[in-house]
Amino acid sequence: MESQKLLVESAERTPRDYGCWSGRDHRDPSKRTYLVKCRSSSVSGQADEDLHIQQAVVLIEDAIQYRSINHRVDARSLRLYRWYYSRIYQWTLGLTIGVVLLLAFVERPSSLSITSDSRYRSPPWEPPCGFTESIEIVCLIIFTLDLAVKSYLIGWDEFRKNKWLMSYTIVTSVSIIDWVLSISMVCDEKMRVRRFFRPFFLLQNSSLMKKTLKCIRRTLPEIASVILLLALHLCLFTMIGMLLFPKTEDPLKNEEWKLYFRNLSTSLTSLLVLLTTANNPDVMIPAYSLNRGYAIFFVSFSVIGTYCLMNLLTAIIYNQFRGYLLMSVQTSIIRRRLGIRAAFQVLSSHDEDNAARERVPIDAVLQVMSRIQMQSYYREAITTKSRQYETEGFMNREQFKHIFDELDKDRIEEHPSVPQYNSMGLQKLQVIFSHYYFAVFSNAVAMAHVVCICAVLVLNSEKSTAEKDNHYMENTCFIIYYLFEMCVKIFALGWKGYLSFRNNIFDGFLTVLLLVLQITIYVTYGLTHSHMSPSSQGMFSLQEMVRFVNMLIVFRFLRIIPDIKLMALVASTLLDLVKNLRAFAGILVVVYYIFAVFGIWLFEGVIKPPAHMSVPYNTTMENTTSNFSPECGTYEQLGYWPNNFDDFAGAIILLYDIMIVNNWQAFMDAYTRYTTEWSKIYFVCWWFTSSVMWVNLFVALILENFTYKWDRSHSCSVTDVDRIRYEATVQLMFKEQVKEPTEEELLCQLQQHRHLHLHWGHTTQTYSETMAVQEGETELLESRAH
């Protein structure tokens, strides 16, 4: 027992004890560690205290952003770490990623032309060799520096275990090598391999995007059975269709066979397109015109495939993806709790008495909160809650944990107090103009204005521009009322109170803009305009200005959204999708980018219009004659010439048209005819990836987001919905389903931290002593053996 105590003391003391430093661990010289537990001398006490504060600040910032705490924690590394995650650096890195992705629009084949129609398109501007390459190498250098900083901060051991950083290294290296080859070939290479890897830079920079991709990858095996069943359904009906519609001796009965069931490839394609309803009822009309009984075949196929199997596939994708996403959210919650727990331990370990009692000084907590980069609302809430313990001077572990529960609460906007008037008459007017029924009356006036505009549009729908009566005088009365409404609201709420409501800002901006436009019309055209041509005066014609005013009035009618609870929830859900679910849109951007680059490589320039159809862009087709008569329903007959893979922008639009699945068979048929039957694989893969997988996931997330907000606001009034900002992040959407980590799990992970050696209190002293004794005994045995 005496030898064990001696081993514990020797394990705790080193030649550089009584301070915090960067150096080798005396127990394992191969590991570079950064000790947190310090018993400082009077000389370095202040520096040690600042280091503890800085460490706690970084750990809490990691917790707020759901980042891993497995990084270096010495003073120099912490300064570098905070600079790396500063807003300036992250914006610079995001801008670099955006620039390297946008290069595809400028590189050959360039998208810098007015039209993508191959019949009228003039040769686009092609950048000289070295122009885009110079921009790209700057971006690659920034990515290399980013990789170096990340690798240094987490250490070599963590770097080797991180697959994303290893892939980052490979992708950056391959891109630089391919860039060098491009320069050596004077930019005349057929394919730039690095264009396929550019979306990786977007993926690796978003932790939520990486989690989403991981969830999608894990979901694919789970839906394999349904995909197999769908393929079996498709093959079975393909064989039945080929048996039902064979080639006969009567040419009148061969129309179905000729168009849709001529061979195995055509039959599979026809039924696959029917699965998406894009060629319904065209595919069944030739057979249905001969015998109405053939409709049973097509209806049975659609009911089983489209309405049963496809919806079942949607349900399975949603359920499995939601389960794996829940697991990822669980990891994020553990990261937040671990960061907060580590910050508490760092602050308490500065003093042995505090460490033994498991408490932290309130002054240290307030100092940490003053340095943390976070939203001011949450900083004030946490600081206010911390000051409740100022009388005691300390807070324990549970209290420290609970003050950060404010991060998970909804933000409630407090509007400024209304002005106080001494006059009874002004007070009554203030009550009237701030009343809910005044807002209802104003909405009714806005609706009446929109109804008037609709009536004018109906009356003038058949008239030419010269014949239309521009009713701009009628708008004046309504605009005067809007101005009156804005003024009395400012009177009732005050300037600050008026501007604290977002719908008032929207309403006021449009009111002022309408007033300026109406005054401009009066100044330009006078009070009457009977003697003027509506299309000949000023920079903009009277007709154009009135039309613009009417559009603003219709747009202003959106002010009613905050006053209707369900509509307000729907609108806020859409805003949250834009703000908080960017990761899922990022995955779609990555998929679009890869398929577009791959499509350009496969199909660039393969579809060429007939020579007599190719005319300059500014030439009309009125005097051109042609004997070219394409088959009905084909790419050529439908005039889909602008949809092609001749440049990156055109490829993006074409992929979007296929994702919508309306007439997507026309594109697949055209590229099959101009290339080979194997090109169908590309289009089917894109349809499955975009329309089946991603769209279903996006719909599922919309449902989750709306359900979350609906449940949270079900007991709120319309005013509360307007005041409360529901932070519908993915972590909060699934917060009710996740399991909070236990104290033992957090301590276990903190013990495994490679760069933190924490000083534990009495509650965990047994575990720490046991580990120290075991390590000391191992050292003693190794030295004896040596």
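Buried means a relative accessible area under 20%, exposed means over 50%, and partly exposed lies in between, computed with a 1.4 Å probe on protein chains only. This is a predicted model, in which local features need pLDDT of at least 70, side-chain atom pairs count only at pLDDT 80 or more, and totals for chains, interfaces and linings use all residues. Residues are numbered from 1 along each chain as its sequence is written, and side-chain values use heavy atoms, with hydrogens and water left out.

**View 1. The whole chain and the confidence of its model.** The chain has 31 helices and six strands, where helices (H or I, at least four residues) and strands (E, at least two) are DSSP runs numbered from the N terminus. Of its 786 residues, 45% count as buried. The average pLDDT, which is the predictor's confidence in each residue on a scale from 0 to 100, is 78 for the chain, and 75% of the residues score at least 70. Over residues 617-626 pLDDT stays under 50, and the model has seven contacts beyond four places in sequence for this stretch, a contact being heavy atoms within 4.5 Å. Residues 718-728 also have pLDDT under 50, and for them the model has 43 contacts beyond four places in sequence.

**View 2. Q204 in helix α7.** Q204 lies in helix α7, which covers residues 194-204, and Q204 is buried because its relative accessible area is 3%. The side chains of Q204 and K150 are joined by a polar contact of 2.9 Å; such a contact is a pair of N or O atoms within 3.5 Å, where within protein one atom must be able to donate a hydrogen and the other to accept it, and residues adjacent in sequence count only if both atoms are side-chain atoms. Leaving aside residues up to four places away in sequence, Q204 touches D146, K150, W164, Y168 and K210.

**View 3. Packing of α7 against α24.** Helix α24 (residues 582-603) packs with α7 at an angle of about 175°, and their axes are 9 Å apart. The contact involves R195, F196, R198, P199, L202 and L203 of α7, together with residues of α24 that include G586, I587, Y593 and W601. Axes are lines fitted to C-alpha atoms, for helices over the stretch in contact, and angles run from 0 to 180 degrees between N-to-C directions. Angles under 35 degrees count as roughly parallel, over 145 as roughly antiparallel, 65 to 115 as roughly perpendicular and the rest as oblique, and α7 and α24 are therefore roughly antiparallel to each other.

**View 4. The disulfide of C129 and C187.** C129 and C187 form a disulfide with their sulfur atoms 2.0 Å apart, the term being used for a pair of cysteine sulfur atoms within 2.5 Å. This pair links distant parts of the chain, 58 residues apart, with C129 in the loop between α4 (87-106) and α5 (131-161) and C187 in the loop between α6 (163-184) and α7. The link of C129 and C187 is right-handed, with 65° about the S-S bond. C129 is partly exposed at a relative accessible area of 41%, whereas C187 counts as buried at 3%.

**View 5. Backbone details in two loops.** A cis peptide bond, with omega about 5°, joins N280 and P281, and P281 lies in the loop between α11 (264-275) and α12 (285-288). T277 is found in the loop between α11 and α12 and has a positive phi of about 65° although T277 is not a glycine. Another cis peptide bond joins R108 and P109, with omega about 0°, and P109 has its place in the loop between α4 and α5.
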